[in-house]
Amino acid sequence: MTPETARLRLKTWICTLIVVFSNPFGDYFLKRGLPDSAHLSTPLEYIAALFQPFVALGVLLLIVWQLSRMALLSWADLSYVLPVTSVGYVVVALIGKVLLHETITDRRWAGIVLIMAGVALVSGSAPSTVPRPAEPAGGSR
Amino acid sequence: MIWALVALMVGATTAGEVLQAAGMRRHGEIRDFRPGAIGRALAAMARNRFVIAGVAAMAISFFALMKLLSMTDLSFAVPVSAVTYVMETVLAKYLLKERVSGLRWVGAALVICGVTLVSL
């Protein structure tokens, strides 16, 4: 492995971890802050809902998720990012088990194994197959 | 009503993510993660037409998700979004011209099957 490949691999791993954890925790807090009784019909009610503490925390995590995902897409293909970040679905299932005490059925375990197998296959390949410009002046080390 | 929201969310998510990927590819690899450099990168992204259109589509998708979450369970709302995987992988090949190798197709297929099983 060349230093360049190793550098890209480490960067991809760190960024993927942030993407994978910020999204399900963001969704989880959004759901916690929005009970079924929440009344959402006028635009103002959507905006007001954003200021509930759990909704705000959820939104903050979803902003982190979007920015880290955009950073990842700056050097990796969409067809690489999509399967690799799907580990998020495994995290959702584990959040359900640990935080909400849901049971994970055999079918869900089978799904988790398939997702992990797919991720393992794709993550071994090179992240990018298309030419990309160097970052604009001032941005590179 | 629920399925109309799902369709809106899936369509907006697919459009948003493909536009985002196109925009970030044009931006180029982010290498410097110091605060100043990240600020400059954000400023460049804010002027990137693909990123702007992507964010607009993602905002539509986000409010559709919020409305959906107020009507259904998280375990329904999140997994239905797996449909976007199929559409986005196909668009990545034909629109973004990525070289989707056999390995990536097999991996994507496994992930789609897995996500379906997890969400049933």
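Predicted model: local features only at pLDDT ≥ 70, side-chain atom pairs only at ≥ 80, totals over all residues.
Colleague: Which residues of α6(B) are buried?

Modeller: The buried residues include B:R104, B:G107, B:A108, B:L110, B:V111 and B:I112. Further along α6(B), B:G114, B:V115, B:L117, B:V118 and B:S119 are buried as well.

Colleague: Let us turn to the whole chain. How many helices and strands does chain B have?

Modeller: Chain B has six helices and zero strands. Along the sequence, the pattern reads α-α-α-α-α-α.

Colleague: What box do the C-alpha atoms of chain B fill?

Modeller: Taken along the principal axes, the box is roughly 45 × 40 × 25 Å. Of the 120 residues in chain B, 44% count as buried. Among contacts in chain B with a separation of 6 or more, 80% come from residues 24 or more positions apart.

Colleague: How many residues of chain B are in contact with chain A?

Modeller: There are 48 residues of chain B in contact with 46 residues of chain A. On the chain B side, the elements giving two or more residues are α1, α2 (35-46), α3 (49-69), α4, α5 (83-94) and α6 (102-119).

Colleague: Which of those gives the most?

Modeller: That is α6(B), with twelve residues. By class, the side of chain B that touches chain A has 27 nonpolar, eight polar and 13 charged residues.

Colleague: What about the largest nonpolar core: how many residues has it?

Modeller: The largest nonpolar core has 66 residues. Those with the most contacts inside this core are A:L73, A:V81, A:I115, B:L65 and B:V111. Helix α3 of chain A (residues 53-75) gives the most to the core, with ten residues.

Colleague: Which residues is A:L73 in contact with, leaving aside its neighbours within four places in sequence?

Modeller: In chain A, A:L73 is in contact with A:L78 and A:V81. In chain B, A:L73 is in contact with B:Q20, B:A21 and B:M24.

Colleague: Finally, confidence. What is the mean pLDDT of chain B?

Modeller: The mean pLDDT of chain B is 87, and 95% of its residues reach 70 or more.

Colleague: Which elements of chain B have the lowest and the highest mean pLDDT?

Modeller: Helix α4 of chain B (residues 74-80) has the lowest, at 69, while helix α1 of chain B (residues 2-27) has the highest, at 92. The model scores ipTM 0.84 and pTM 0.81.

Note on methods:
Residues numbered from 1 in each chain as written. Chains lettered and ligands numbered in written order. Core = buried A, V, L, I, M, F, W, Y, C linked by C-beta atoms within 7 Å. Buried ≥ 20, exposed ≤ 12 C-beta atoms within 10 Å, placed from the backbone. Helix = DSSP H or I, 4+ residues; strand = E, 2+ residues; numbered from the N terminus. Contact = placed C-beta atoms within 7 Å. pLDDT = per-residue confidence, 0-100. Nonpolar A, V, L, I, M, F, W, Y, C, P; charged D, E, K, R; others polar.
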